[in-house]
Amino acid sequence: MWSLTKFRFGAANLLLRPARLSVPSPTATTVRPQHTIPPELEQVAQEKDPQFSKMVQFFFHKACVKLEPRLVEYLKKNPHLTEEDRKKRVQAVIDIVASVASTVEIRFPVMRDNGHYEVLTGYRSHHCVHRLPVKGGIRYSLDVTRDEVMALGALMTYKCACVHVPFGGAKGGIRLDPCSYSTKELQSITRRYTIELAKKNFIGPGIDVPAPDMGTSDREMSWIADQYAKTVGHRDINALATVTGKPLHQGGIRGRTEATGRGVFIATNVFVRDPEWMKVIGLEPGMEGKTVIVQGFGNVGMHAAHFFHKAGCKVIGVKELDISLVNEEGIDVDELAQYKSERKSIKGFPNATEATTDLLEHPCDILIPAATEKSITSDNAANIKAKIIAEGANGPTTPAADKILQGNKVLVIPDLYCNAGGVTASYFEYLKNLNHISFGKLSFRQEAENLRQILKSVQDSLREAGVCVEVKPTEELSHYLDNASEADVVASGLKYVLETAGLGIMTIANQHQLCLDLRTAAYIWSVEKIFKTYEGAGLSM
C-alpha cells in the first residue's frame, strides 16, 4: 500500500494526518462498542464470488464503521442526550437504514398464446422510506430473486441519496426470460403485475415509481402507466407520474435514454479534470487522448462510449458476451452503434479486429464495466492495467477486487455514483409529469430573445465608442438561441447534479483519509444524509 502525508484533492484542499487509535482508559465508564461489520459479512472481503446482496451490505457497514463517530458528534446538538444515548440513537438509525422496509412476493397465472398456463413469480421491495416515493427499476430475468431485488433496492436508496434525488430505494422484477414470450404475452404479464402491485399499495405517484431495468424498456413502462391510469389511478391527475422511462408521447422526457451513459462520462470527468487526483494515479488531467475500453455495448455502454469519444478519448476496445473488438487506432463508436442496430450484434464489424485476449486486462487508461455484476474479481483484478474504472453497471467489482485495485493505485468510481445518471433523469421526468409541462416550454423563447437583445446592446455600445465590429454568438450559444430543447435542460441538470455529488465525495474522501477508496466515501456521503433525514423526523417513521 501507499501513504501520503500531504494529500490534496480538488474541491476539498484538506491536509490529511495519520489516523490515531483511541485507547479507552481502564477506569472509563463502559460504553457500547463501536459499530463493526457483522460477523456473517466479514468473509465477503475475501470471497471470489460473494452474493450481490452481501456485497451491498458489506460496503454499507464498512462505511458506517468510519461514519459512526461523526454521527455521534452530530447528535451533540441535543444537549440532553448523554454520550451513551447518542451512540444508541446512532446505532438505531443505522439498523433502520440497514434493513428492508417491506417486500412483496406475487404469484399469478398467465395464459400463453398456445393455450397453456404458467404461474409466474414477481417481487417488489421497498428498502428505505425516509423519502417518498421510493424509486427503482423493474427487471425481467430468470435471475430475479427475492434477495436480488432487496439488495438492488438498498443500492437504489444509497444511489438516490448520493446525487441528492429525494427518493427512497426500491426494486422489482418478474422471474422470466422476456425473449421466450410474445409481445402480447408480455403486455398481459406487465399489466397483471401492475394491478397486483396496486392492490398491495406498492405503486403510485406518491408511493412507488418504477422505471425500466434489465429486460424492460419504455414499452413496458408505457403499459404500466396506461394500466394504472385506467384502473386504480383513473381519478389521479398525476397518474402518468407513477412510472418513469416512458416514451415521449406517454409523458417521457428527452434525454432519458442516454442519461446513464452520459452520467458515467460526467462522473469520470469530475476526477479526470482534477490534477491532484490524476497525479496520484499517474495520468495527465483532461480527457483528450485517453484510451477507453467498454465492457457491454448496450444502452449504458454505447452512450458512455459516445460521450467519451466526443470528448476526445480513443475507444480502443468493446467487449460483448459473444465477441470482443479491438482497434488501437480507435473505433468509430457511432458507426459501431449503427452496425449493431442493423445486425443485432457487433460481430463482423469491419473496422476492428476480434480480440484474442480478455479486454478487461488490456492496457488502457479508462475501463468501463457496463455489463454484469462481479465482472472484476480477485481472479483478474491484479491483471487489470487501466488506471480508472468507471462502473457503469451495478456491482461489477467485488470487495476483494476493490482492495487489490486500491493497492495498485487504480481509481474506481463506484456504481452508486457513476451510474446515477439514469435515476437523476428519471427524477426530472417525474417532476415534468407532476408539473404537467415540458421543461423550457414557457421560457425558451423569452430567454433566447433576451440573449439576442444583450448581444445587440453590446454591439451598439461598441459602435457608439467607435469600434465597428459584429458581435456574433458562439456555436454553443447559437444552438441555444435556435434549437434549445428539453434535452438540453436535462443534460445541464444532469451535469450539475453529478458534479456537485462528485465534489462532495472528494471532500468526504479527504475528511476520512480514504485516499482512493471512493466507494466508502460515496457510501458515507449517502448514509450521512439518510441518517439526518431519519433522525430529524424521529425513529418511529
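How many residues has H15, and how far does H15 reach from its first C-alpha to its last? H15 has 26 residues and reaches 38 Å, close to the 38 Å expected at 1.5 Å a residue. The expected span is 1.5 Å times one less than the number of residues. Helices (H or I, at least four residues) and strands (E, at least two) are DSSP runs, numbered from the N terminus.

This is a predicted model, in which local features need pLDDT of at least 70 and side-chain atom pairs count only at pLDDT 80 or more, while totals for chains, interfaces and linings use all residues. Residues are numbered from 1 along each chain as its sequence is written, and side-chain values use heavy atoms, with hydrogens and water left out.

**H15 and the loop to H16**

- His512 sits in the loop between helix H15 (486-511) and H16.
- His512 is buried, at a relative accessible area of 14%. Buried means under 20% relative accessible area, exposed over 50%, and partly exposed in between (1.4 Å probe, protein chains only).
- Neighbours within four places in sequence aside, His512 touches Lys66, Leu67, Arg70 and Ile524. Contact means heavy atoms within 4.5 Å.

**H3 against H16**

- The axes of helix H3 (residues 146-162) and helix H16 (residues 518-537) come within 8 Å and cross at roughly 90 degrees. Axes are lines fitted to C-alpha atoms, for helices over the stretch in contact, and angles run from 0 to 180 degrees between N-to-C directions.
- H3 and H16 are therefore roughly perpendicular to each other. The classes are roughly parallel under 35 degrees, roughly antiparallel over 145, roughly perpendicular from 65 to 115, and oblique for the rest.
- From H3, Leu155, Thr157, Tyr158, Ala161 and Cys162 take part; they meet Tyr523, Trp525, Ser526, Val527, Lys529 and Ile530 in H16.
- The residues of this contact divide into eight nonpolar, two polar and one charged. Ala, Val, Leu, Ile, Met, Phe, Trp, Tyr, Cys and Pro count as nonpolar; Asp, Glu, Lys and Arg as charged; the others, Gly among them, as polar.

**H2 and its buried face**

- Helix H2 (residues 83-98) has 16 residues, which should span 22 Å at 1.5 Å a residue; its end C-alpha atoms are 23 Å apart, which agrees.
- Buried in H2 are Arg86, Lys87, Val90, Gln91, Val93, Ile94 and Val97.
- Down the axis of H2, these buried residues fall within an arc of 160 degrees, so they line one face of the helix. The arc is that of the directions from the helix axis to the C-beta atoms.
- The buried residues of H2 pack against helix H1 (52-74), H3 and H16.

**H8 against H9**

- Helix H8 (residues 299-310) and helix H9 (residues 333-343) pack at an angle of about 155 degrees, with axes 9 Å apart.
- That makes H8 roughly antiparallel to H9.
- H8 contributes Met302, Ala305, His306 and His309, and H9 contributes Val333, Asp334 and Ala337.
- This contact divides into four nonpolar residues, two polar and one charged.

**Backbone details in loops**

- Leu132 and Pro133 are joined by a cis peptide bond, with omega about 5 degrees. Pro133 lies in the loop between strand E2 (117-126) and strand E3 (134-141).
- His164 has a positive phi near 60 degrees. His164 lies in the loop between H3 and strand E4 (168-175) and is partly exposed at 43% relative accessibility.
- Lys409 has a positive phi near 60 degrees. Lys409 lies in the loop between helix H10 (399-407) and strand E12 (411-413) and is partly exposed, with a relative accessible area of 33%.
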